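Work through the exercises below with the structure open beside you, and try each task before reading its solution.

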Amino acid sequence: MTDKQPVAQATLAGPRFRQVQWRSVAILFPFLVLFIALSIGSPRFLNPLNLLNILDQQSATLMIAAAGTLVLISGGIDLSVGATYALSAVVAGTVTVSSGPVAGVLAALVVGLVVGLVNGVISTVLRVNSLIVTLAMSFIVAGVASLVTGGNLVVLFDRTDFAAIARTPFLGVRTSIWIMVVVVVVIGIVLARTTTGRYLYAAGGNPEAARLAGIRVNAVRILGFTLSGVAAALGGIVDTSRVLSAQASPGTALTFTVLAGIVVGGTSILGGEGAVWRTVVGVLFIALVGNGFNLLGVDALFQQITLGVILLVAVGIDAWSRVLRR
Amino acid sequence: MSTDLLSGSPQQPHVELRGVGKSFGGTTILSDIDLAVARGSIHGLVGENGAGKSSLSKIVAGLLVADQGELLVDGEPLVFRSPREALAHGVATIAQELALVPSLTVAQNVFLGREPAAGGFVQRRELRARFDALVAETGFDLRADAVVGSLRTADQQKVEVLRALASGASFIIMDEPTAALSGQDVERLHEVVRSLARSGRTVLLISHFLGEVLELCDTVTVLRDGHLVRTAPTASESESSLIEAMLGRSLGSVFPQKGETHPSADVVLRVQDLVAPGVNGVSFSVRAGEIVGLAGLVGAGRSEIVHAIFGSSKRQAGTVTLGGTARARRGIAGALHSGMFLIPESRKDQGLVLQRSVRENVTLSNLARISRMGWVQRRAERLEVSGLLKDVTVAGDDRRGVAHLSGGNQQKVLFARALQHPRRLLIADEPTRGVDIGSRRAIYDLIVEHAARSIGVIVVSSDVEEILGLAHRVLVVRGGRIIAELEGERMTEENILVAAFAEAGVDHEQKATQVNP
């Protein structure tokens, strides 16, 4: 036993060192560097009003990205969130105009739930690649949204009751941000602390191993897609309440911002790895880039190019870390 | 094909290996192989799983480079670093997995990548003429414009052979060519092999079917544990002499003492007329405290049997009863619930979630035990896992990624997962594949400990020695059926191999009516 001790020590030391994987915290460094740089570079940046404004603008994106993280971790991808967001927004607006805000919110949530459920069922039970399923679904959903609005803008400027959903200040912070914080924290806890979270990781990391361990992989994945749909609906409701208007749209820009945020945060596009807090940092990092460009008065063209480069770097790091692990 | 390919003096071996050795990470898989394959002959290569047949053929084919010794083709020493280099010297391999384009025609597949072309346009007439010449030479009856995907496997193999010949191959390695074929097609393929030899080509045939080797080959080489036992004319060999040459090792002290089994012990598992994909009617039972070995060749249907029992593949007929009662819940969850556990064949593909930590991998199938209303009780999990890892002798922090562990420790993590819940039946499929010698003993101890706790154990293994060292009783599987049950003194390596390799019509106790190889 005594002569075995050093060996055991040696094997302990290595893994301990590796334990905080650089990959899991990698996103923090560029985020902090950018944050500090913007604080120095622009006097208007480090200002509670500006920062809260960023959070208010990003609340829908953050909620959708948090739920989207679950989908990616479980081995799928949801490209329909932008369209679902837009459909929910117009449904919420239209139903609110006719039947009041409670009915509007419920109708929008049901829309998100149904879209997510259909995405999940088709991609798991029928074993169709979720990339294709959700892409097709985004066309269908966007088309339905156009049918609902008839091509018109849904206007809610006089509905103060609906505006209250996102615009009520509470402890100096708008409810849009509070709703976002609650949703993101709940999703984060589900992933990190519950059996469902474990199953999501296992379903994406190694579906066959998960199946043989008695996990209902399909059910877990359907849950991920459903939550993603509901979160997209919630995002649509919150943003409609913020701007008091809604229109039909394929929401492509939102879909890609959401995916970019998740991937930049370090969640693997191949499933099995990732965390909600990282997605939050990833989304905010992209938001800071946009905010910084605005504050520094840089041409918006460069924003897009920068975003693309950041995304490629993030995906490249993900792929490279897999190569290294081989 | 011109005759210059077939030149060379008849005395000189077509391909010769001198003192060839190969090892992987300290494990020697081939050592000191001297082998001469005569031109125009059909040369058989036989041995148990892992004896080194495939590695040897891969060295000749350019897929592996030998560590020691030399390879001579027509007396010229060569080193093949890729299959392309081997092909340049006329050596081609027909692998078990065919590499054809199913949507193209026979002729297009045969000349794929070397179409006669002028200015980028394929010269169809020229292609057809060459194809006809090739077919005339070999005597294959294949239509040039038949779509390959619509052909039966034996004919697809002919296409594969023609492709090798079109590329100028004169030395053809065939790895288990008849493994996927049924009766009539086997005969067709045998004719292909004979016609190759008649046209002056050399065939190196790797086969598990000894009858086939004896019937087809001129010469046969037997490998055992990476050593060449002997090369002899097939005329002087018989099935029993080959089997004798393939075995013959003393069982070392790697195995723990077997526990006692009582014939009166309760039957834990009873399988009756089980039919499932790859399983053609299997009946057997396992008693409490008994270790039953499932032996047989790779692809014989052993894993299929255990998956059908576990519920991870669809059961088409038959019953599986655990502890006297038919399982209440179907599927894998039901199997786990009723106290069954399967440690699958491939740790990495079927067992572990490699991105996750050791701890999460241990508790994966039993989270209900350490969670309350869906919440994982982290303290309970930590305590439980540290206890389990101690039981299976895995040291170190359990929060590190399971991918960082050695193969042996990864296997032990799966045993820890099995131990987390009281079990009645443990199935271990290839429990020591890719596991170092040191961890092997620990895994054997775990298996024997399970049995000592009155758990029924099924061990599937391609390693006959392992089966003999662990099991109280051995079932030999072939073609998805149990074709021999060996117990006590009849449980010998020879009997297992005889049963595993037996062909239809070969006489042994169980009167195997085996048609499909």
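**Exercise 1.** Which strands of chain B does helix α9 (residues 302–310) lie across, and at about what angle does the helix run to β21(B)?

Solution. Begin by keeping in mind that this is a predicted model. Next, locate α9 of chain B and look at the strands it lies across, which are β15 (291–296), β18, β21, β22 (456–460) and β23 (473–478) of chain B. Finally, compare directions: α9(B) runs at about 150 degrees to β21(B).

**Exercise 2.** Decide how many residues of α9(B) are buried, and say what follows for the helix.

Solution. A residue counts as buried if 20 or more other C-beta atoms lie within 10 Å of its own. By this test nine of the nine residues of α9(B) are buried, so the helix is largely enclosed by the rest of the structure. Among the buried residues are the charged Arg302(B) and Glu304(B), and also Ile305(B), Val306(B) and Phe310(B).

**Exercise 3.** Give the order of strands in the open sheet of six strands in chain B, and find which strands stand at its edges.

Solution. Reading across the sheet, the order is β18-β21-β22-β15-β23-β24 (chain B), and the pairing is mixed. The edges are held by β18 (340–343) and β24 (481–487) of chain B; each has a single partner strand, so one side of each is left without a neighbour in the sheet. Neighbouring strands are turned by 20 degrees against each other on average, with direction ignored. For one pairing in detail, take β18(B) and β21 (residues 425–429) of chain B, which run parallel and are joined by four bridges; here Met340(B) stands opposite Leu425(B) in β21(B).

**Exercise 4.** Describe how chain B meets chain A, by number and by kind of residue.

Solution. Count the two sides, which gives 29 residues of chain B in contact with 26 residues of chain A. On the chain B side, α10 (331–337), α11 (347–351) and β20 (375–376) each supply at least two residues.

Methods
Residues are numbered from 1 along each chain as its sequence is written. Chains are lettered from A and ligands numbered from 1 in the order in which they are written. This is a predicted model: local features need pLDDT of at least 70, side-chain atom pairs count only at pLDDT 80 or more; totals for chains, interfaces and linings use all residues. Two residues are in contact if their C-beta atoms, placed from the backbone, lie within 7 Å. Two strands pair if DSSP finds at least two bridges between them. Axes are lines fitted to C-alpha atoms, for helices over the stretch in contact, and angles run from 0 to 180 degrees between N-to-C directions. A residue is buried if 20 or more other C-beta atoms lie within 10 Å of its own, exposed if 12 or fewer, and partly exposed in between; C-beta atoms are placed from the backbone.
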